[in-house]
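Please look over the model below with these numbered remarks beside it.

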Amino acid sequence: RPGAYAVLLGSGVSTAAGIPTGWHVVQELARRIALVSGADTDDPFQWVRDRFERPPSYSDLVVELGLTEADRQALVVSVLTAGSGIFPAPTPAHAAVADLVVGGWVKVVVTTNFDPLTEQAVEKAGGAITVLSTEDQVAGALPLVHSGPILLKVHGDYRDSRIRNTESELQAYTPAIEKLLDRIFDEYGLIVCGWSAENDAGLRAAIDRCPSRRFGTYWGARGGRLSDAASQLLDR
């Protein structure tokens with residue numbers, strides 16, 4: 001059934017390209033806090049953990065460093081590109097998704113990733129996909145029935161300083177994005193890959209509140225092991 005399924009991509013899909021995960025960003029933040037604090041340590045994360053008296057989260061460290069939105073965007077781009085500002089090439093996984101898009105099998109891709117690898121893979125495969133990452137882009141987009149393929153970046157795009165990656169920002173999305181997610185999860189089946197469901201409360205809630213299950217859900221997990229959050233979603 002061409003076009004009946006949407007694809008949901010998490011950070012696990014980009015890891016093979018050499019793009020760091022959120023854990024690597026947390027480690028880099030811990031290193032910077034230890035550095036500006038003048039700490040003499042070979043294990044910055046443990047030093048920061050002792051300081052917080054618990055494992056520090058990304059949100060904790062952002063507050064500790066006093067980072068603005070623009071600071072956070074610059075940090076994320078720096079970590080994701082290893083300081084070069086240039087992203088690595090898309091992986092075979094991105095190419096496979098691009099083939100599905102260009103072949104007309106998949107019209108909607110949802111991702112938590114900031115990186116440009118999915119849209120680059122689609123372009124390399126000879127297709128085009130519209131990237132939606134902000135409230136105004138989503139509000140101004142054509143209805144799904146009239147649009148070409150779309151890539152919805154629910155956490156934002158690396159080129160925009162309004163990326164969403166703190167705990168409070170991931171609790172829920174803006175109204176236009178929430179409305180579009182509700183349509184996608186109601187009207188399409190879902191193929192999930194590289195997403196643990198652990199940290200994205202707003203995305204979990206959108207899937208959970210879906211009123212229907214017209215088509216199936218397929219979930220690919222490395223080693224066949226789902227997180228507790230993913231298992232709970234599938235059980236419901």
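1. Which residues of the largest nonpolar core touch the most other members? Of its 30 residues, they are Leu152, Leu181, Ile184, Phe185 and Trp195. A nonpolar core here is a set of buried Ala, Val, Leu, Ile, Met, Phe, Trp, Tyr and Cys residues joined through side-chain atoms within 4.5 Å, where buried means under 20% relative accessible area, exposed over 50% and partly exposed in between, with a 1.4 Å probe and protein chains only.

2. The model is a predicted one, in which local features need pLDDT of at least 70 and side-chain atom pairs count only at pLDDT 80 or more, while totals for chains, interfaces and linings use all residues. Numbering starts from 1 along each chain as its sequence is written, and side-chain values use heavy atoms, with hydrogens and water left out.

3. Another core, of 22 residues, lies apart from it and has Val26, Tyr58, Val62 and Val76 among its members.

4. Trp195 counts as buried, at 5% relative accessibility. Leaving aside residues up to four places away in sequence, Trp195 touches Leu8, Gly10, Thr112, Asp200, Leu203, Arg204, Ile207, Trp219 and Leu233 (contact means heavy atoms within 4.5 Å).

5. The structure holds four aromatic pairs, a pair being rings of Phe, Tyr and Trp (its six-membered ring) with centres within 6.5 Å, counted as stacked if the planes are under 30 degrees apart, edge-to-face if over 60 and tilted for the rest. The ring centres of Trp195 and Trp219 are 5.6 Å apart and their planes stand at 20 degrees, so this pair is stacked. Because Trp195 lies in the loop between E5 and H10 and Trp219 in strand E6 (residues 217–220), the pair ties together parts that are 24 residues apart in sequence. Trp219, at 18% relative accessibility, also counts as buried. Ring pairs also link Tyr5, Phe215 and Tyr218 into a cluster.

Key. Helix = DSSP H or I, 4+ residues; strand = E, 2+ residues; numbered from the N terminus.
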